[in-house]
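This briefing is intended for a reader who is new to the structure shown below.

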Amino acid sequence: MTRITTAMNPTQVLDTLRRADGYFITNTARDMSQSDYKNRILLHTDLLAAPSRDAAGYFSLEITGGASIHVDILRKQVDPFLKLKLLREQMPDTLFQTLCRGVNLFGYRPYPQNVIRLTVREFAKYVDVWRTFDFMNHVPNMQAVFEEVAKAGKINEPSICFSTGPEHTDQFYVDKVKEIMAVTGEEIILCIKNHGGLGTPKRIGDLVDAIKQAYPELIIHYHGHNTDGNDIGRITAAVLNGATIVDASDHAFNGFYGPPPILSVIQTLKDYGKTAIDINEEAVIETSETIHDQRPYYEQFEAQIKGFLPTVQIHKLPGGAMGSSLEQAAKGGFLNKMPDILHHELPRVQKELGNWWSVTPGSQILWTTAVSNVLDGERYGNPSGDLKNLLLGKYGPFPFYSPADWIYEKVFGPDWKDILEKEGGILEIEDMDIDQERRTLTERLGREPTEQQLVTFLQHPNDAVEFFKFEEKFGKSYVLPPSIFLRRGGFALGETLVFQDYTGKEHLIEIGPEQQDKKGETTIYLNVDHHQQIFVFEPEQQAGTNVKPSLSKEEIADLAKAGDIRAGFSGNVCEISVEAGQDVAVGDRVAILEAMKMQTPVVSEVAGKVAKISVKVGQALQPGDKILKIDVDGE
Amino acid sequence: MKTKILVANRGEIAIRIIRAIQELKFEAVAIYETPDHESRHIRIANEAVWIGDGPRSDYLNIDRVIKAAKRVGATAIHPGYGFLAENPAFAKACEEADIIFIGPPSEVVEKLGNKVTARRIMAEAGIPMVPGTSNLPAGDAGLEEARAFARRYGYPLMLKATAGGGGRGIRRIENETELHEQYSIARAEALAAFNDDSVYIEKVVINPKHVEVQILADASGKTVHLGTRDCSIQRRNQKLVEIAPAFHLSPELAEEICQTAIKAGKAADYFNAGTVEFLLDSDNNYYFMEINTRLQVEHTVTEMITGIDIVRTQIKLALGKKLLFNQDDVKLRGHAIEMRINAEDPQNNFMPEGGKTLSIYQSPGGYGVRLDGFCYQGFTVPEVYDSLLVKLTVFGWSWNETVQRLKRCLDNFVIAGPKTTIPFYKNLVQEPDFQNGEFDTSYLDTHQQLFEYREQKSEVSKLARLIAEIHHKKQNIYAA
């Protein structure tokens, strides 16, 4: 039997999978990075792992998609296309896999159809297997992606998002598979997307069996998370019942919320007489040996709560959102409210809103609503725009049941029926004028962008431009290892940093002294390839005029009580809910901040009149930045 | 007892002289003021004498220097450059104290130090001069003489203090109105600054080159030249970069200028090492400017192209030896460039950066490279003296080779602490006019881009910028 490689066409790949006596493994490196390290695993580390990962004989390497494209440009400062190109050079054989959120692509809200198609076309140049899902399992939301993937001659892997509860029957999912195949045809891989790592091994085994009974020729790919520590059980049950591909990841970096260790999967299934086809166990081990010493540099990105969370079966947060949710709780100062949010409010909201699938962007709607319900003390009192859209059916029909009338009334007021009548229904987004966008980007860059830069820009306009400017100023920094790029606390005097630039030229930088003059201007001396270079930094802005040096949480809270509302965490302004001169009451929402996927309402703690709004929608804020000022009544 | 020679100077030139003394198997005696107590010249001398707290006043104190020489039993004193080097009273005091002054006799120092006397001697010897007046009489008579001169030669003019020097006491006069305004002010200032209100006028040679000739003369009057130097690259009339031999000079013109220099030396009864300075205009007219009766900062470039140790020769001549070589034996080969690496901020009008500590000092080396300095890592540059840290002199057989060697050396020179002239020189060596040897005294004024340090555009420089930010902010704010 020949190994599945990039040299095969989709038909050959699917035939090989169908004839397989055993199972294949997808190395889900992207989901591990996202679930356990907030997506921060650098290309540098993936390149170190590349040769042994390529030799390991995986069905595929999931290395892009999900939130990773946004984080690539926002935090890792790497071009998401260049990343794939460079990895492909080091990994000629292994199929590359992505995770695509259907109409939401790699972002958090629906994109116009022409943007979806252009994006898929560009990424399909590098991506062989397209795992596509929709958080409502609404098949039309995935159709444009399916079509473009097929046109590009790549493999479609439609997903059924999985969850638990009385509605989530085998029959429901078998019908969903039928609905998908009616659109895609049978030349697909079907993914059971268990993003929360929900259900027992038995439940997963039953589901795989039910689908296999209905569609014996269908290739099933089981994707899970190890949040409760039991995903190997589910993987085992899936394979024993006929799944052909399963997800796991390199043990050197295994955490708690991502996929389980590859090697443990192999060892477990071996005892059941199931062979991991084409897998070179030595290469699997070598990968972890190669990258193991990189792990400490990523510790700063691990979740605030460490350890398995079997309670995921209650709150159902997807593994990929655990890290960012806990980070938001820590930054927002409500980590202590987590038990209440996770174990009571979140499952309650989930049931109230229809018990659909807690995965991007639905998981953010559930989370934001639950957090807001607990922190504001008034349930559904501060509905986000996304919640409103969801209730209006903009993202798709409710699969099982609609939320109760009282929720609609709470969110939309007494006229909710009229509003639902008028505005309800699936969101229709007009095509974008892509040429106009290209001109806009040309203007902002000062030069003609490449098609790939345009696509990156269409995903996240502001962050893409910031990234392009970063690259102009700081070069291609993906060459820097995490020991440099993610260094905390500065370098030691005399420390030497050795790296190769993107052309392969080796460089040596020695850290020289740092001196501050009387004006507070700092001069840093670096010995760059034996040539001295001097870098001068202006003094940090002084407190008083512009309170820039981050305020403590207590200070921000104190200012809020005086009507001076500041950002409590770093994020973008996605809504300003009031206008200057408007009267506000205690508890009124004045703005919404968004960090990564999370929308967090900003609520007034005072009654008064909005005096001054300091921000614009879309503006990026750091903790302590001014949002707006309210003149407190009676003062 | 060994012959002792006292070095009446500090900094790099003291070390340069001490080296020559020790190579002659004599003993070198250093003197120092308190702010120089960490200076390296003290460490390498055989003996060092503290002469006072200064600053500068004790290096300038003839009495103390002579006393120090007497106390250690020094046979001779080398004055270096600056301080007492061109003070005829000091040369005379040495003579009276029966100490050999390594330089010309006091009367030669005196007559060449007085610009008007020097001009008279040179005019009588038929040396070409910038047209000028002798000392102008005080009051309206002087002003009238100046106006008459201006009518004949035109503006601009230079109004110069007779007792001035080193770029001080000079003002440029553009028209008659300015002449009226400036004349009496210049006299008053000269009186205040030099205790002598004599002034005279010279025609301005527009954008000349500064070309000078090193001469050596023994007691018998035998005088040889060591070729030309070009010192046109200056800021505020202070030299920054010196080149030997002067570039773009026809062999005939170079020879003529050198022979004129010898004639000038002979006319002044010159003895020991001296430098005859000329201005060269764009039509290749050259004019005598002055004779410096001392070792020059830039003597190193001449040593590099002739192989003659000028300081060693100075000492031997002073001790009564004859010149052992003839003019024909002096061969000029290749090119040498010296750059004065000063603790100064070129972008801030060359403001001195004294008082700062050299936290890194790494110097280049290799073929054709010479360093004359006195600094070391950990050394704090005194604020009270000049800002010269080290002279970088390179030699190469061709001009291009020399420039590229210089560039290599500058790239490898690391000084952290004070700002230095190095980044400015890095721009200079890449500037096309400099690379073509095209420069005159207006060079800095016409090449302001040298003061804009090239934003480092190389990939590694960009990454270094990021690393500097990560270091400074204690984290990568772009990845946080």
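Predicted model: local features only at pLDDT ≥ 70, side-chain atom pairs only at ≥ 80, totals over all residues.

H10(A) is largely enclosed by the rest of the structure, because eight of its 10 residues are buried. The points below take up H10(A) and its contact with H11(A), then helix H6 of chain A, and lastly the contact of chain B with chain A.

**Helix H10 of chain A**

- The buried residues of H10(A) are A:Asp231, A:Ile232, A:Arg234, A:Ile235, A:Thr236, A:Ala237, A:Ala238 and A:Val239.
- After H10(A) comes A:Gly242, which has a positive phi, near 115 degrees.

**Packing of H10(A) with H11(A)**

- Helix H10 (residues 231–240) and helix H11 (residues 262–271), both of chain A, pack with their axes 10 Å apart and at an angle of about 50 degrees.
- The crossing in which H10(A) passes H11(A) is right-handed.
- On the side of H10(A), the residues that meet H11(A) are A:Ile232, A:Ile235, A:Thr236 and A:Val239; their partners in H11(A) are A:Ser264, A:Val265, A:Thr268 and A:Leu269.
- Of the residues in this contact of H10(A) with H11(A), five are nonpolar, three are polar and none is charged.

**Helix H6 of chain A**

- Within helix H6 (residues 113–123) of chain A, the residues A:Val115, A:Ile116, A:Thr119, A:Val120, A:Glu122 and A:Phe123 are buried.
- These residues lie on the same side of H6(A), because they cover an arc of only 165 degrees around the axis.
- Among the elements that cover the buried residues of H6(A) are strand S3 (95–100), helix H7 (143–151) and helix H21 (451–459) of chain A.

**Contact between chain B and chain A**

- Chain B gives 25 residues to the contact, and chain A gives 38 residues.
- On the side of chain B that touches chain A, the elements giving two or more residues are strand S20 (414–416) and helix H16 (459–473) of chain B.
- H16(B) provides the largest share of that side of chain B, 13 residues.
- The side of chain B that touches chain A comprises 12 nonpolar, eight polar and five charged residues.

Terms used
Residues numbered from 1 in each chain as written. Chains lettered and ligands numbered in written order. Buried ≥ 20, exposed ≤ 12 C-beta atoms within 10 Å, placed from the backbone. Helix = DSSP H or I, 4+ residues; strand = E, 2+ residues; numbered from the N terminus. Arc of directions from axis to C-beta. Contact = placed C-beta atoms within 7 Å. Axes fitted to C-alpha atoms, helices over the stretch in contact; angles between N-to-C directions. Left-handed = near helix turned anticlockwise from the far one by under 90°. Nonpolar A, V, L, I, M, F, W, Y, C, P; charged D, E, K, R; others polar.
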